[in-house]
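Hi,

Here is the structure I promised to pass on. Have a look at it first, and then read my notes below.

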Amino acid sequence: MSPFTGSARATGRWEHLRVTEEDGVVTVTLDRPDKLNALTFEAYADLRDLLAELSRERRARALVLGGEGRGFCSGGDVDEIIGATLGMDTGQLLDFNRMTGQVVRALREAPFPVVAAVHGVAAGAGAVLALAADFRVADPTARFAFLFTKVGLSGGDMGAAYLLPRVVGLGHATRILMLGEPVRFPEAERIGLVSQAAEDGGATEAAAALARRLADGPALAHAQTKALLTAELDLPLSAAVEMDAATQALLMSSEDYAEFHAAFTEKRPPKWQGR
């Protein structure tokens, strides 16, 4: 994401998300607990625009995505999205589906790690948002449900058919996306859908601790590792090795790389600057 902007100013207040920031860690909370944090058109748009702003401003070093109340996110609001889409023409439907995909791309392309704190239900679009994060920290109440076929749609919504096989394998992904049945915590941890287990009720705290650890680390190294993990999914080995070589050559001329050597020589922890 380019840091250069035109006339648009940074958003002062996000109306459809709760956003806080502390020393490089941005916490984004889906805040409709009475609706199990069901997404609206506006929440999607705010997520898309927030991630774009954070990526341009280079202020965030890690991001936590969580949900208020009893669950992470129950997906698109049945009345405000599913009901509304029944009255849209094909062009409007394409615009909406492209917007949801832009949110997933923004999560994957952001130059900082994203940690999803999952408790309770992560269903439909909520499951894909968690899937698109770099880490999924979940407690034993977590359950993932890719429900798209249950409402008569393709299981490959919002990039799920691209991302899920790369996380859990094609066999598991086929079953999960075709049948739409919930994947409860024990299975999710076993097949690799959960990155880190938390104690009951402790997903938010554990995700925050992981984000803090990431934010205090070498931001350039994290950003480039994430970029390579995404870019190299579809590259042959020869191209991937060449991309790795070019990336390492760039990072070897960074201040952080020199700082590691200085810290090692002086027997002290490195002071990462992200430069």
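**What I found**

Glu 22 stands opposite Val 25 in β2. That pair belongs to β1 and strand β2 (residues 25-30), which run antiparallel and are joined by five bridges. Strands here are DSSP E runs of at least two residues, helices are H or I runs of at least four, and both are numbered from the N terminus. Two strands count as paired if DSSP finds at least two bridges between them.

Before going on, a word on where this comes from: it is a predicted model, so to speak of local features we need pLDDT of at least 70, side-chain atom pairs count only at pLDDT 80 or more, and totals for chains, interfaces and linings use all residues. Residues are numbered from 1 along each chain as its sequence is written, and side-chain values use heavy atoms, with hydrogens and water left out.

**The sheets**

Back to the strands. Six of them form an open sheet with mixed pairing, in the order β1-β2-β3-β4-β6-β9. Its edge strands, β1 (18-22) and β9 (196-197), each pair on one side only.

How do strand β3 (residues 62-67) and β4 pair? They are parallel, over three bridges, and Val 64 has Val 115 as its bridge partner in β4. On to strand β6 (residues 135-138): β4 pairs with β6 in the parallel sense too, over four bridges, and Val 115 stands opposite Phe 135 there.

Is β4 buried or exposed? Five of the five residues of strand β4 (residues 114-118) are buried, so the strand is largely enclosed by the rest of the structure. Buried means under 20% relative accessible area, exposed means over 50%, and partly exposed is in between (1.4 Å probe, protein chains only). Val 114, Ala 116 and Val 118 point one way from β4, while Val 115 and Ala 117 point the other way.

Three bridges join β5 to strand β7 (residues 143-145), and the two run parallel; Val 121 stands opposite Arg 143 in β7.

**The helices**

Helix α4 (residues 125-132) is mostly covered, with eight of its eight residues buried. In helix α6 (residues 170-179), the buried residues are Ala 173, Ile 176 and Leu 177. Seen down the axis of α6, they fall within an arc of 90° (taken from the directions from the helix axis to the C-beta atoms), so they line one face of the helix. The face turned away from that buried side carries the exposed residues Gly 171 and Met 178. What do the buried residues of α6 pack against? They pack against α5 (160-168) and β8 (183-184), where contact means heavy atoms within 4.5 Å. Gly 180, which follows α6, has a positive phi, near 70°.

**The core**

A nonpolar core is a set of buried Ala, Val, Leu, Ile, Met, Phe, Trp, Tyr and Cys residues joined through side-chain atoms within 4.5 Å. The largest one has 58 residues, and Tyr 44, Leu 63, Val 118, Phe 144, Phe 146 and Leu 164 touch the most other members. Apart from it lies another core, of 13 residues, including Val 64 and Leu 214.

Enjoy exploring!
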